[in-house]
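Here is a short report for a reader new to this structure.

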Amino acid sequence: MNHILVVDDEANIRKLLEEILREEEYSVASTGTASEALVLLRDVSYDVMLLDIWLPDRDGLEVLSEIRSLETDNKPEVIIISGHGTIETAVRATKLGAFDFLEKPLTLERTLIVVKNAIEAKRLRSENQEFKRQLALQTPITGESVAAKALRQQIRLMAPTNGRVLIFGESGSGKELIARAIHAESQRCERVFVELNCAAIPEDYIESELFGYRNSAIPGGPAEKRGTFERADGGTLFLDEVGDMSLKTQAKVLRALDEQRFTPVGAIHAMSVDVRVIAATNKNLEEEIAKGNFREDLFYRLNVIPFYVPPLRDRKEDIPLLTRDFLRAFGREYGRSRVDIAEDAIELLKHYHWPGNVRELKNLIERVLILNPQAPRIERKHLPMLVHRGTSKRSEDFSTLHQAREAYERDYILKKIDECHGNISRAAETLGLERSHLYRKMRTLGISVRE
Ligand SMILES: Nc1ncnc2c1ncn2[C@@H]1O[C@H](COP(=O)(O)OP(=O)(O)OP(=O)(O)O)[C@@H](O)[C@H]1O
Ligand SMILES: [Mg+2]
């Protein structure tokens with residue numbers, strides 16, 4: 001059953017609305033004051049609220065904006081009732097988030113239609129929220145390594161708090177993915193996630209980029225611009241590559257963070273915002289502080305909750321799972337959902353050092369799929385030279401002499417072929433082998449001719 005709250009100081013209007021709505025099988029409560037309405041809202045979750053604009057204790061629009069800013073997911077859709085229906089009030093009400101507007105004297109038909117639409121809108125909104133929550137729960141952070149599990153747990157714990165997060169990790173290790181997961185599992189998930197790449201903005205524009213401007217200095221340009229902080233109001237602001245901000249910008253960001261207030265360029269008044277800041281960097285900020293490139297006070301402001309994403313080479317256990325996930329995803333995309341990968345190919349991937357981390361692995365899987373359109377199964381020979389060569393040669397990586405010898409031979413042959421610019425005959429010659437012998441060797445070692 002749908003719950004409706006009627007707030008109007010005229011007793012006969014309350015009575016009328018109660019009657020016609022109950023007739024339609026809605027559950028209805030009513031009150032004549034704003035203060036009582038807010039108390040009721042705290043205890044019961046109403047789907048729709050019919051709110052008179054003139055109330056004895058407070059202005060209806062004020063109550064409306066208070067409701068819209070409630071922290072709960074379960075806000076009612078608000079329909080404003082007014083006896084003095086001017087366009088201006090209607091516009092203001094809509095801006096404040098009212099669903100619709102009813103004018104006195106109320107008509108039965110219009111009232112019922114508006115209420116029905118509001119209930120439908122509420123239902124869709126709840127469904128959407130639930131959907132997003134579900135999506136957030138299937139955290140896309142793949143991996144069963146201790147590090148991956150710890151990251152997921154840390155996200156679950158920290159996301160609902162409003163604490164500032166600083167994410168450290170090499171390029172491509174998944175920092176942005178984590179920032180988005182934190183947002184998705186936070187109370188702000190319904191609001192915006194705004195990303196700002198601090199490294200990509202020219203120094204001269206950073207202030208207007210961050211804080212916006214009123215009265216553009218650029219002739220013919222738009223008169224005003226909302227900055228990143230303003231756009232992120234109510235949501236999450238992701239400051240990527242914070243280590244690349246200039247000292248001047250750092251000072252400004254620090255002030256804005258401290259005060260949660262800033263003044264757009266050319267504006268008279270400062271504005272306040274409510275943003276949660278998540279920052280990320282692949283630099284060692286402590287070193288940058290020591291070198292005088294990063295403000296220590298800003299570091300402590302940002303680094304309330306540190307997240308460290310280890311490089312892929314330090315969590316090799318995740319490589320098989322990630323590889324298969326990417327293979328499945330790209331397989332679906334390229335219409336080859338049944339493509340598989342050989343165990344020994346995965347072994348090879350596990351031994352590579354992945355300087356570009358998960359991004360490099362993801363790109364590699366996509367490339368291998370594209371380059372081998374016929375292969376039903378990805379084999380060692382399909383993997384690029386880089387992976388073959390980048391394999392680490394530490395003795396503890398091999399369990400048998402045979403494996404160690406093969407790895408060494410493969411490296412040695414690849415090096416020679418490389419020196420001969422891919423000319424197999426010449427490589428065979430320098431290796432002191434018959435050409436056909438080298439081909440055979442390459443086949444057993446999983447070196448593809450194309451490479
Ligand atoms: N654990 C993971 N599971 C699934 N996909 C991942 C994982 N980690 C990273 N990725 C994928 O790898 C790619 C790179 O990740 P992301 O952009 O988050 O890295 P980054 O640390 O922000 O990199 P950069 O420092 O270069 O900005 C993305 O496509 C992301 O979806
Ligand atoms: Mg990134």
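A salt bridge here is a side-chain nitrogen of Lys or Arg within 4 Å of a carboxyl oxygen of Asp or Glu. The side chains of K415 and E419 meet that definition, with N and O 3.9 Å apart. The model is predicted.

**Salt bridges within helices**

Side chains of opposite charge can pair when their charged atoms come close. How many salt bridges does a search of the whole structure find? The search finds 31.

K415 and E419 are four residues apart in helix α17 (residues 401–419), so about one helical turn separates them. K415 is partly exposed, because its relative accessibility is 46%. E419 also counts as partly exposed, with a relative accessible area of 46%.

Helix α1 (residues 11–23) holds both E19 and K15. They are four residues apart, about one turn of the helix. Their side chains form a salt bridge, at 3.8 Å from N to O. Are E19 and K15 buried, partly exposed or exposed? E19 is partly exposed, because its relative accessibility is 48%. K15 has a relative accessible area of 53%, so K15 counts as exposed.

Helix α13 (residues 318–333) carries R328 and D325. These two are three residues apart, again about one turn of the helix. A salt bridge joins them, with the closest N and O atoms 2.8 Å apart. R328 is partly exposed, at 44% relative accessible area. D325 is partly exposed too, at 28%.

| Pair | Helix | N to O distance |
|---|---|---|
| E19 and K15 | α1 (residues 11–23) | 3.8 Å |
| R328 and D325 | α13 (residues 318–333) | 2.8 Å |
| K415 and E419 | α17 (residues 401–419) | 3.9 Å |

Salt bridges can also link up. D8, E10, D52 and K104 are joined in a network of them.

**Domains**

The protein chain is divided into domain 1 (3–133), domain 2 (147–310), domain 3 (311–391) and domain 4 (394–451). Take domain 2 and domain 3. Their centres, taken over C-alpha atoms, are 33 Å apart. Nine residues of domain 2 are in contact with eleven residues of domain 3.

The size of an interface is often given as the accessible area lost when the parts come together. Between domain 2 and domain 3, about 680 Å² is buried. Carbon and sulfur atoms give 44% of that area.

E170 forms a salt bridge with R313, the closest N and O atoms being 2.9 Å apart. Seven residue pairs are in polar contact between domain 2 and domain 3. On the side of domain 2 that touches domain 3, the elements giving two or more residues are α6 (146–158) and β14 (305–309). By class, that side of domain 2 has five nonpolar, three polar and one charged residues.

**A buried arginine**

R188 sits in the loop between α7 (175–184) and β7 (193–197). Is R188 buried or exposed? R188 is buried, because its relative accessibility is 8%. Leaving out residues up to four places away in sequence, R188 touches N162, H183, G234, G235, T236, D274, V275 and R276. S27 is 161 residues from R188 in sequence. In space, R188 and S27 are 30 Å apart, C-alpha to C-alpha.

Key: Residues are numbered from 1 along each chain as its sequence is written. Chains are lettered from A and ligands numbered from 1 in the order in which they are written. This is a predicted model: local features need pLDDT of at least 70, side-chain atom pairs count only at pLDDT 80 or more; totals for chains, interfaces and linings use all residues. Side-chain values use heavy atoms; hydrogens and water are left out. Buried means under 20% relative accessible area, exposed over 50%, partly exposed in between (1.4 Å probe, protein chains only). Contact means heavy atoms within 4.5 Å. Domain bounds come from an automatic or database domain assignment. Buried area is the accessible area (1.4 Å probe) that two parts lose on being put together, summed over both. A polar contact is a pair of N or O atoms within 3.5 Å; within protein, one must be able to donate a hydrogen and the other to accept it, and residues adjacent in sequence count only if both atoms are side-chain atoms. Ala, Val, Leu, Ile, Met, Phe, Trp, Tyr, Cys and Pro count as nonpolar, Asp, Glu, Lys and Arg as charged, and the others, Gly among them, as polar.
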